[in-house]
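Visitor: Hello! I am new to protein structures and would like to learn how to read one. Could you walk me through it?

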Amino acid sequence: MVLQDNLFSIMSQAQEDGQPAFQVQIHKEWPIYKAHFPGHPITPGVCIVQMIQELLQAYLGREVSLRKAKTVKYTAIISPDEVSELSVSFPKIEEQEDGSLKVQAQVAGGETIYTKLSATFQ
């Protein structure tokens with residue numbers, strides 16, 4: 001499932017300290033929020049990981065797939081009633097000899113860090 005332009009839209013892309021960063025807008029009217037959870041919507045963790053993957057693909061200009069999630073830390077809830085814009089940055093994208101990518105990503109909004117991910121993509 002493609003989440004870009006459904007769950008979120010890219011507002012801008014930039015480089016922060018030589019690494020890619022995206023500003024995204026969350027679409028609170030997306031149907032998942034009616035089910036997860038009615039009256040108190042939150043963004044599912046799997047959707048956050050998928051968003052990171054799609055933004056990595058946008059940066060690289062090619063498709064990648066998650067091979068191994070070493071660490072995924074959800075440090076705060078992303079509620080579309082409280083958060084409409086997020087910053088997704090990639091402090092580390094390192095190509096390995098086998099062609100895989102070791103990636104670190106962070107999802108934040110203002111001073112709040114919502115998610116930290118360390119994973120391998122192919």
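Guide: Gladly! Let us begin with the helix α2, whose buried residues are covered by elements that include β1, β2, β3, β4, β5 and β6. Please keep in mind that this is a predicted model.

Visitor: Which residues of α2 are buried?

Guide: In α2, the buried residues are C47, I48, V49, M51, I52, Q53, E54, L55, L56 and Q57.

Visitor: How can I check the length of a helix like α2?

Guide: Count 1.5 Å a residue, so the 16 residues of α2 should span 22 Å. The C-alpha atoms at the ends of α2 are 23 Å apart, which agrees.

Visitor: Now the strands, please. How do strands hold on to each other in a sheet?

Guide: The strands of a sheet pair through backbone hydrogen bonds, and the pairing can be parallel or antiparallel. Here, 6 strands make an open sheet, and the pairing is antiparallel.

Visitor: In what order do the strands stand in this open sheet?

Guide: Reading across, the order is β1-β2-β4-β5-β6-β3. The edges are taken by β1 (8-16) and β3 (66-74); each has a single partner strand, so one side of each is left without a neighbour in the sheet. On average, neighbouring strands of the sheet are turned by 20° against each other, direction ignored.

Visitor: And how does α2 sit against the sheet?

Guide: The helix α2 packs on the sheet and touches β1, β2, β3, β4, β5 and β6. The direction of α2 makes about 60° with that of β4.

Visitor: How many bridges join β4 and β5?

Guide: There are 7 bridges between β4 and β5, in the antiparallel sense. To follow the pairing residue by residue, find E94, which stands opposite K102 in β5. Then find K92, which has Q104 of β5 opposite. The hairpin of β4 and β5 has 5 residues between the strands, and G99 there takes a positive phi near 90°.

Visitor: Which residues of β6 are partners of A105 and V107?

Guide: The bridge partner of A105 in β6 is L117, and for V107 the partner in β6 is T115. Altogether β5 and β6 pair over 9 bridges, again in the antiparallel sense. Their hairpin has 2 residues between the strands, and G110 takes a positive phi near 60°.

Visitor: What about β3 and β6?

Guide: That pair is antiparallel too, with 7 bridges. One place to look is Y74, which stands opposite T115 in β6.

Visitor: Where do the side chains of a strand point?

Guide: In a regular strand, side chains alternate between the two faces of the sheet.

Visitor: How many residues does the largest nonpolar core have?

Guide: The largest nonpolar core has 29 residues, and L86, F90 and V107 have the most contacts inside it. At least two residues of this core come from each of β2 (19-26), α2 (45-60), β4 (85-95), β5 (101-109) and β6 (112-121). The largest share, 7 residues, is supplied by α2.

Visitor: What does L86 touch?

Guide: Beyond residues up to four places away in sequence, L86 touches F22, Q23, V24, I26, M51, I78, V107, A108 and Y114.

Conventions
Residues numbered from 1 in each chain as written. Predicted model: local features only at pLDDT ≥ 70, side-chain atom pairs only at ≥ 80, totals over all residues. Heavy atoms only, no water. Core = buried A, V, L, I, M, F, W, Y, C linked by side-chain atoms within 4.5 Å. Buried < 20%, exposed > 50% of the residue type's maximum accessible area, 1.4 Å probe, protein only. Helix = DSSP H or I, 4+ residues; strand = E, 2+ residues; numbered from the N terminus. Contact = heavy atoms within 4.5 Å. Pairing = 2+ DSSP bridges. Axes fitted to C-alpha atoms, helices over the stretch in contact; angles between N-to-C directions. Expected span 1.5 Å × (residues − 1).
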